[in-house]
Amino acid sequence: MLRNFVDTVGEWNPQLFRELKGRFKPINLIAVSAGSLLMQLVVFLFNIRDIPGENYSLTSGYCRLGKMYLSQRYALEKQKSIINEQLNGYYSSTSGTHKIVSNLQTQNRDVQTKIDRLQEHLYNNEICPADAIEWQSWWSHHWGYIFLCFSVIFVFILLVAGTYAIINDLAREEKRGTLNFIRLSPQSEKNILTGKILGVPSLIYLFVLIAIPLHLWAGYAAKVSLVKIFSYYLILSASCYFFYSASMLLGLTSRWFSSFLPWLGSGTVLIFLSTTSQLYFTSYNSDNFLIPINWFGLISPWGMISYLFRNQWFDNFYNHSSILLPISKLEFFSLPIGKFLPTLLGFHLLNYIISTHGIWQAIKRSFRHTKTTLLSKRHSYFLAAFFQIILIGLSSGVHQHPGQIVSLVILNTILCLVLILALSPQRQIVQEWARYRHQENNVKSLWRDLILGEKSPVGLAILINLVITWTPTTLWIFFSSREVESVYWLSKSEYLLGVILFVSLVMIYTTIAQLILLVKSSQRTVWSISTFAFVVLLPTLIPLLTMISEGKLSRVWLFSPFLWIGIHDATITEVFMSILADLAIAVLLNVQLTRQLKSLGESSSKALLVG
Amino acid sequence: MVKELAIRTCGLTKQFEKHFAVNDVDLEIQAGEVYGLIGPNGAGKTTLIRMLAAAEEPTVGEIYLNGDRLLRDRSNSDLKRQLGYLPDDYPLYEDLTVWDYLDYFARLYYLREPRRTKRLHEVLELIQLGNKRHSLISTLSRGMKQRLSLARTIIHEPILLLLDEPVSGLDPIARMQFREIIKVLQEAGMTILISSHVLSDLAELCTSVGIMELGFLVESANIQQFYHRLARQQIFLSTLGSLELLVNELKQHPLVEDLEVIASRNSVRVNFSGKEQDCADLLRSLVIMGIPLKDFHCTQEDLETIFLKLGHKQAS
């Protein structure tokens with residue numbers, strides 16, 4: 001039966017066929033099935049470790065009698081406090097109350113005696129009678145715990161182990177050289193890499209699939225609605241597809257330290273999941289989702305899982321029904337996305353689909369052309385625009401949050417720096433552009449080539465991306481009712497100067513990165529990244545490490561991408577001088593770049609004649 | 001009738017830094033030919049073959065396969081179905097069996113049942129690995145792995161086969177088996193481009209030959225034309241009598257260019273510029289002179305001698 005299944009699958013996707021053939025061997029199947037069953041047993045036994053037995057105490061949570069005693073004690077204590085209040089009233093009056101006081105004191109003693117008797121019952125290691133145990137409620141809650149345990153375990157196993165498996169497989173194929181044969185086959189990139197995503201973690205899928213019946217049963221027994229359970233599966237599948245696609249891109253683009261890469265990738269996912277789980281499971285009633293940095297929260301499945309299973313999580317553990325989860329406050333262009341399950345689910349899925357689609361554009365490029373840039377210039381403009389929609393959409397809700405503009409500015413800064421690395425072409429590509437551009441059949445205009453060309457240098461494309469990134473944010477800040485002072489207490493004019501300073505700084509970074517990528521060294525990518533990191537981090541680290549926030553040294557911030565911190569302390573003249581200095585450096589570097597491009601584009605005969 | 005061109009390149013160039021691995025190559029190979037590509041190490045053979053197989057992007061130039069342009073930025077799905085490429089290294093999936101490995105590649109190239117199973121049997125029979133079909137690839141010998149790689153290359157019945165150093169590192173028996181397979185494929189009508197350092201193999205297999213040097217294609221011709229233009233006619237003579245007398249007689253003959261004495265075998269090898277009739281006249285004159293000839297036969301310089309004679313020893 002298994003053979004037929006693999007054969008049928010192979011007709012649809014040959015790569016999936018290859019992956020299943022290599023992995024679905026009897027020994028692997030037995031080991032995975034046994035492992036999954038063992039995991040289910042451990043989870044089950046762990047959760048029912050405190051099942052009520054012969055010595056089940058009267059004060060334990062599921063003893064009906066204990067609860068009754070407790071409610072009686074509560075009523076008596078209430079009665080006692082009323083009597084005490086009355087007594088206090090009579091004590092303060094002067095006459096004719098002796099008899100009433102005496103009566104009340106007798107009542108008080110009686111009540112106290114009853115309370116003492118109840119206390120004795122409750123706390124003298126009294127055992128709860130078997131017929132007084134609330135078995136239905138106990139099982140319902142504990143099935144809930146089991147269900148939650150599986151829901152959390154599935155996320156960790158699928159995302160962490162799956163990421164490791166995919167990066168490791170790609171690194172191994174690349175090392176052996178077998179991936180080249182697949183590249184040369186007539187199958188599309190999409191077919192091959194989808195086959196890998198479905199096939200490489202197939203044993204992990206099997207591990208989880210074997211546990212699904214118990215998960216479903218636990219959900220049913222805990223009275224979790226099927227809609228919520230299948231919404232969970234939908235989110236889990238979408239997050240798997242997103243993270244596996246990202247792993248695939250990492251595996252295809254990083255050819256250094258291939259043995260370390262799988263650990264790096266899966267370790268990052270583990271840290272990401274752990275951090276976001278803290279954020280969304282424990283910090284309830286917070287405004288986390290009101291700042292745009294929480295786009296990262298949208299790609300973590302925890303936000304949605306905490307929303308779907310809040311009854312199982314919060315009611316059971318904290319007995320707290322009035323909790324408002326951070327994700328419930330999620331707004332997008334003032335639409336209350338977080339209020340309803342269908343909108344929240346749809347928003348999550350849409351975000352996953354668009355983000356994964358973006359990653360696949362880069363995957364397709366990296367798979368066919370191993371030396372090309374990560375993104376095409378056209379894709380980079382779409383990416384920048386997509387981020388602006390997401391970031392401003394997440395920031396422009398009805399509720400305002402002091403972190404909204406700060407995180408918007410920081411994310412845009414990081415986006416620009418990432419785009420420089422993703423778009424800068426290597427020496428070989430630029431050389432071919434400089435030398436043979438005029439020989440191409442359909443020679444495009446130089447401007448068009450610099451804006452959209454595959455091989456042209458990156459400067460103009462980064463400038464366009466800067467415009468796409470900063471124009472909407474600036475307009476939004478200027479024309480919305482928000483106080484721009486929340487960006488490090490800046491005035492609007494200071495903010496505007498900051499944007500100009502930032503643009504000139506990024507042009508310096510871009511030219512430096514491109515110049516180093518043109519260096520004649522096999523390690524030029526490493527050099528480029530190191531120099532880039534040095535130039536970006538040094539002016540950021542100096543003030544941070546010296547802990548100087550004020551005074552002359554704080555001007556160093558003006559030369560870091562996070563210049564917003566320093567701009568407030570600087571005088572207008574200093575800011576203008578910084579802009580002029582940056583522009584002068586950018587012009588000088590670009591003159592050098594142009595000279596180098598001309599030299600690269602010279603024909604060999606010209607070099608011979610001149611030399 | 002002029003045959004259709006299976007491969008045509010126009011100004012094909014591949015530049016790494018300032019170094020031209022392939023320089024302005026205009027290659028034309030007719031359908032059905034076995035084209036041998038020879039040249040010293042680093043002459044650009046592998047780069048040229050990689051570009052033809054779409055494994056490497058040309059810096060400039062155009063490639064046409066059976067008249068269709070090969071464009072690297074497209075998937076070229078139809079063209080790739082016509083191509084079979086065997087690189088000089090042949091990585092394999094060691095965790096698969098021979099059958100599963102070929103089955104996988106047959107599926108990658110869209111072979112459907114029942115044709116797929118039939119083709120797998122045909123190919124296994126051709127490479128003589130039928131009895132090993134359920135063995136894991138990791139257990140095969142080097143020669144078997146090489147044959148399996150060839151099987152992978154031809155599983156989808158390509159009409160154009162690109163073989164880069166296919167017999168390097170194989171023992172004489174494995175080489176002979178490989179040669180026989182290539183002959184069968186040639187008979188089946190495939191166009192084959194093969195690069196090799198074993199020139200005797202190429203001489204036996206090829207219908208055309210090209211020589212690469214410094215990234216240029218410096219010679220490209222039909223093998224008959226090639227021999228006719230570049231190979232000198234040689235006559236091998238052995239005598240039972242005096243070798244000195246034979247040598248003196250030969251030196252006086254106007255069509256003898258130079259000669260090489262093989263004293264150990266009492267023989268002489270002569271570079272002869274005459275035609276067949278002139279050979280017959282020389283034989284008759286020597287017999288009349290009373291020289292007791294034991295052996296007299298005409299040969300041609302082999303491919304290796306021509307290659308070395310042309311002085312193509314310069315790597316790019």
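Mentor: Let's start at A:Met248. Leaving aside its neighbours within four places in sequence, this residue is in contact with A:Ile166, A:Leu170, A:Leu193, A:Lys196, A:Ile197 and A:Ile363; two residues are in contact if their C-beta atoms, placed from the backbone, lie within 7 Å. Keep in mind that this is a predicted model, in which local features need pLDDT of at least 70 and side-chain atom pairs count only at pLDDT 80 or more, while totals for chains, interfaces and linings use all residues. Residues are numbered from 1 along each chain as its sequence is written, and chains are lettered from A and ligands numbered from 1 in the order in which they are written.

Now step back to the surroundings. A:Met248 belongs to the largest nonpolar core, of 118 residues, and together with A:Val506 and A:Tyr509 touches the most other members. Such a core is a set of buried Ala, Val, Leu, Ile, Met, Phe, Trp, Tyr and Cys residues joined through C-beta atoms within 7 Å. Buried means that 20 or more other C-beta atoms, placed from the backbone, lie within 10 Å of the residue's own; exposed means 12 or fewer, and partly exposed is in between. Helix H6 of chain A (residues 135-176) gives the core its largest share, 16 residues. Helices (H or I, at least four residues) and strands (E, at least two) are DSSP runs, numbered from the N terminus. Domain 1 (2-49 + 136-363) and domain 3 (372-610) of chain A each contribute at least three residues to this core, with bounds taken from an automatic or database domain assignment.

H6(A) itself deserves a look. Its 42 residues reach 59 Å from first C-alpha to last, close to the 62 Å expected at 1.5 Å a residue; the expected span is 1.5 Å times one less than the number of residues. Just after H6(A), A:Gly177 takes a positive phi of about 90°.

Of the contacts in chain A with a separation of 6 or more, 77% come from residues 24 or more positions apart.

In all, 23 residues of chain B are in contact with 20 residues of chain A. On the chain B side, helix H2 (77-82) and helix H3 (98-108) each supply at least two residues, and H3(B) gives the largest share, four residues. That side of chain B divides into 12 nonpolar, three polar and eight charged residues; Ala, Val, Leu, Ile, Met, Phe, Trp, Tyr, Cys and Pro count as nonpolar, Asp, Glu, Lys and Arg as charged, and the others, Gly among them, as polar.

H3(B) also leads inwards, to helix H5 of chain B. The cover over the buried residues of H5(B) includes H3, strand E7 (83-86), helix H4 (115-126), strand E8 (160-164) and helix H6 (172-187) of chain B. Among those buried residues are B:Leu148, B:Leu150 and B:Ile154, along with B:Arg147 and B:Arg152. H5(B) runs over residues 142-154 and reaches 19 Å from first C-alpha to last, close to the 18 Å expected.

Chain B as a whole has 11 helices and 15 strands, and 37% of its 316 residues count as buried.
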